[in-house]
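Subject: Structure handover

Hi,

Here is the structure for your files. My notes on it follow below.

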Amino acid sequence: MEKEVAVLDANELKCREICGLLQKWNYSGAQLHSLPTLEEHIQKSTCQVVIMDIDTVPIDNRTIRQLTLKNPGVYFLCLSENRFHPELKEALCYHIYACIKKPVDPEELQYWLRSIDKNGAWSDDDGGGWPKS
């Protein structure tokens with residue numbers, strides 16, 4: 001099974017850079033630049049991981065909650081320059097797998113992707129989503 005990761009970033013250059021890293025690690029990166037294209041892509045693809053730059057794409061708690069509830073087998077990672085996002089407190093606590101500080105440390109991103117892979121995101125048993133307790 002292809003290990004596809006959707007990258008949502010309004011900055012096309014940064015999006016391309018993240019997809020380039022993913023390609024080095026044998027992931028397929030889909031470059032997306034708006035929320036509507038993300039929602040459409042998730043429905044049509046085998047994407048099991050989404051990396052969202054929350055600094056460049058306007059998003060709120062409600063939107064993140066809806067995305068994760070509609071797509072329970074998909075892991076969501078965020079990228080941000082800011083350490084704190086009080087306006088996204090609920091989403092970051094309950095719906096986001098991890099938030100990675102920008103500029104992206106390739107080793108940290110690879111760590112989170114391996115963690116997601118170990119949790120079964122790309123397994124054939126459809127065991128994606130949050131780890132079982």
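Which residue in strand 3 is the bridge partner of Val-7? It is Ile-51. More on that strand in a moment.

First, the ground rules. This is a predicted model, with local features needing pLDDT of at least 70, side-chain atom pairs counted only at pLDDT 80 or more, and totals for chains, interfaces and linings using all residues. Residues are numbered from 1 along each chain as its sequence is written, and side-chain values use heavy atoms, with hydrogens and water left out.

Overall layout

The chain has five helices and five strands. Both are DSSP runs numbered from the N terminus: helices are H or I with at least four residues, strands are E with at least two. From the N terminus on, the order is β-α-β-α-β-α-β-α-β-α.

Of the 133 residues in the chain, 47% are buried. Buried means under 20% relative accessible area, exposed means over 50%, and partly exposed lies in between (1.4 Å probe, protein chains only). The accessible surface of the chain is about 7,600 Å², and carbon and sulfur atoms hold 49% of it. Those areas come from the Shrake-Rupley method with a 1.4 Å probe; for residues, only the protein chains shown count as cover.

Take the contacts in the chain with a separation of 6 or more: 67% of them are between residues 24 or more positions apart. A contact means heavy atoms within 4.5 Å.

Strand 3 covers residues 49–53. Five of its five residues are buried, so the strand is largely enclosed by the rest of the structure. Both faces are covered. Val-49, Ile-51 and Asp-53 are buried on one side, Val-50 and Met-52 on the other.

Strand 1 (residues 4–8) pairs with strand 3 in the parallel sense, over four bridges. Pairing here requires at least two DSSP bridges between the strands. Strand 4 (residues 75–80) also runs parallel to strand 3, joined by five bridges. Val-50 stands opposite Phe-76 in strand 4.

Between strand 3 and strand 4 the chain passes through helix 3 (residues 61–70), and this β-α-β crossover is right-handed. That is, with the strands pointing away from the viewer, the path from the first strand over the helix to the second runs clockwise.

Aromatic pairs

How many aromatic pairs are there? The count is three. The rule: rings of Phe, Tyr and Trp (its six-membered ring) pair if their centres lie within 6.5 Å; planes under 30 degrees apart are stacked, over 60 edge-to-face, the rest tilted.

One of the pairs is Tyr-75 with Tyr-97: edge-to-face, 5.1 Å centre to centre, 90° between the planes. The two are 22 residues apart. Tyr-75 sits in strand 4, Tyr-97 in the loop between helix 4 (89–94) and strand 5 (98–101). Both Tyr-75 and Tyr-97 are buried.

Tyr-97 also pairs with Trp-112, again edge-to-face, at 5.8 Å centre to centre and 85° between the planes. Trp-112 is in helix 5 (residues 106–118), so this pair ties together parts that are 15 residues apart in sequence. Tyr-97 has a relative accessible area of 16%. Trp-112 is partly exposed at 22%. Ring pairs link Tyr-75, Tyr-97, Tyr-111 and Trp-112 into a cluster.

Cysteines

Cys-15 is buried at 0% relative accessibility. For Cys-78, the closest is in Cys-99, at 5.1 Å, also too far for a bond. Cys-78 is buried too, with a relative accessible area of 0%. Cys-78 lies in strand 4. Its C-alpha atom is 5.7 Å from that of Asp-53, 25 residues apart along the chain.

Backbone details

Two items for your checks. The peptide bond from Lys-102 to Pro-103 is cis, with omega near -5°. Pro-103 lies in the loop between strand 5 and helix 5.

Asn-26 has a positive phi, near 70°, in a residue other than glycine. Asn-26 belongs to the loop between helix 1 (12–24) and strand 2 (28–32). Asn-26 is exposed, with a relative accessible area of 68%.

Best regards

Notes
Disulfide = S-S within 2.5 Å.
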